[in-house]
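Please look through the model below before reading on. The text then goes from single residues to the chain as a whole.

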Amino acid sequence: GTRINKGGYIETMGNNVPRLNYRLDADGNVSECAELLLEESRQNSTTYSEDFTQTSYWNNVIDVAVTKNQEIAPDGTKNANKIQANSGTNFKILRTSAFTIPSGITMSIFVKRGSHDFIIFKAQGDYAFNLKTLNWGGNYSNVGYQVYPNDWVRLYATTTSSVLSYFGIYLTDGSFNQSWNAMGNEFVYVWGAQYETGSTLSSYIVSNNG
């Protein structure tokens, strides 16, 4: 499992090592005192949670360029991915292929504003989000976000029904239109995708086994 260390970074802990976690407040500030982190056992069912260039899992890429190791990630290493729109009018999408997503699933992803503010977090449903103002683009009852240091935001959503859908990120225009005219210099950073069984969000679980 992982914890948040005193520096505010996500840190993987060894087996049978107590996870002394430094809680983050609503603004992403790190608490001064650690507390023991206790959670039920969970599994991250994404195949590549940190490398979004792996098209065996992130295989539905439409009119964007994906480059890994472009920014300092929430774990303190330079392994975050850059998603940049191609110029022209089209959908700008990075997601999995369609699969049946059941009820009682929590899906999450870390996103950081680059030169662009407007995205849709695709987690079965379409959840519009403004990375600058940290506001959702609609009245959604099953979503939330956590602010992390260095301007990272962890978006999450839970499912309440079983639907054939996708998991990923769309770049959009300011009105959250999915097909839009991009200049080609719009980008965001992503890292740490997680798909877990359960109606609550757990701490981040690394899943890069392929």
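Lys122 has a relative accessibility of 9%, so this residue counts as buried (buried means under 20% relative accessible area, exposed over 50%, partly exposed in between, with a 1.4 Å probe and protein chains only). Asp126 is partly exposed, with a relative accessible area of 34%. The two residues form a salt bridge, with 2.6 Å between the closest N and O atoms; a salt bridge here is a side-chain nitrogen of Lys or Arg within 4 Å of a carboxyl oxygen of Asp or Glu.

The model is predicted: local features need pLDDT of at least 70 and side-chain atom pairs count only at pLDDT 80 or more, while totals for chains, interfaces and linings use all residues. Residues are numbered from 1 along each chain as its sequence is written, and side-chain values use heavy atoms, with hydrogens and water left out.

Side chains of opposite charge can pair when their charged atoms come close. By the rule given above, the count comes to 10 salt bridges. Which parts of the chain does the pair of Asp63 and Lys92 tie together? Asp63 lies in the loop between strand E5 (60-62) and strand E6 (64-71), and Lys92 in strand E8 (residues 88-95), so the pair ties together parts that are 29 residues apart in sequence. Strands (E, at least two residues) and helices (H or I, at least four) are DSSP runs, numbered from the N terminus. The N to O distance in this salt bridge is 2.5 Å. Asp63 is partly exposed, at a relative accessible area of 22%, whereas Lys92 is buried, at 0% relative accessibility.

Another salt bridge joins the side chains of Lys112 and Glu71, at 2.8 Å from N to O. This pair links distant parts of the chain, with Lys112 in strand E10 (residues 105-113) and Glu71 in strand E6, 41 residues apart. Lys112 and Glu71 are both buried.

The loop between E10 and strand E11 (118-123) holds Asp117. Is Asp117 buried or exposed? Its relative accessible area is 13%, so Asp117 is buried. When its neighbours within four places in sequence are left aside, Asp117 is in contact with Phe129, Asn130, Leu131 and Lys132, where contact means heavy atoms within 4.5 Å. Asp117 and Ile62 are 55 residues apart in sequence, and their C-alpha atoms are 19 Å apart in space.

The loop between E11 and strand E12 (125-130) contains Gln124. Gln124 is not a glycine, yet has a positive phi of about 75 degrees. The relative accessible area of Gln124 is 12%, so Gln124 is buried. Leu134 is placed in the loop between E12 and strand E13 (135-136). Here too phi is positive in a residue other than glycine, with a value near 60 degrees for Leu134. Leu134 is partly exposed, with a relative accessible area of 23%.

Tyr156 belongs to strand E15 (residues 152-158). At 24% relative accessibility, this tyrosine counts as partly exposed. Beyond its neighbours within four places in sequence, Tyr156 has contacts that include Met107, Ser108, Phe121, Asn142 and Leu201. Tyr156 and Phe110 are 46 residues apart in sequence, with 8.9 Å between their C-alpha atoms.

What does the secondary structure of the protein chain come to? The chain has zero helices and 19 strands. Among contacts between residues at least 6 apart in sequence, 67% join residues at least 24 apart. Buried residues make up 48% of the 210 residues.

The radius of gyration of the protein chain is 16 Å, which agrees with the value near 17 Å that a compact globule of 210 residues would have. This radius is taken over C-alpha atoms, and the globule rule is 2.2 Å times the number of residues to the power 0.38. Taken along the principal axes, the C-alpha atoms fill a box of roughly 50 × 35 × 35 Å.
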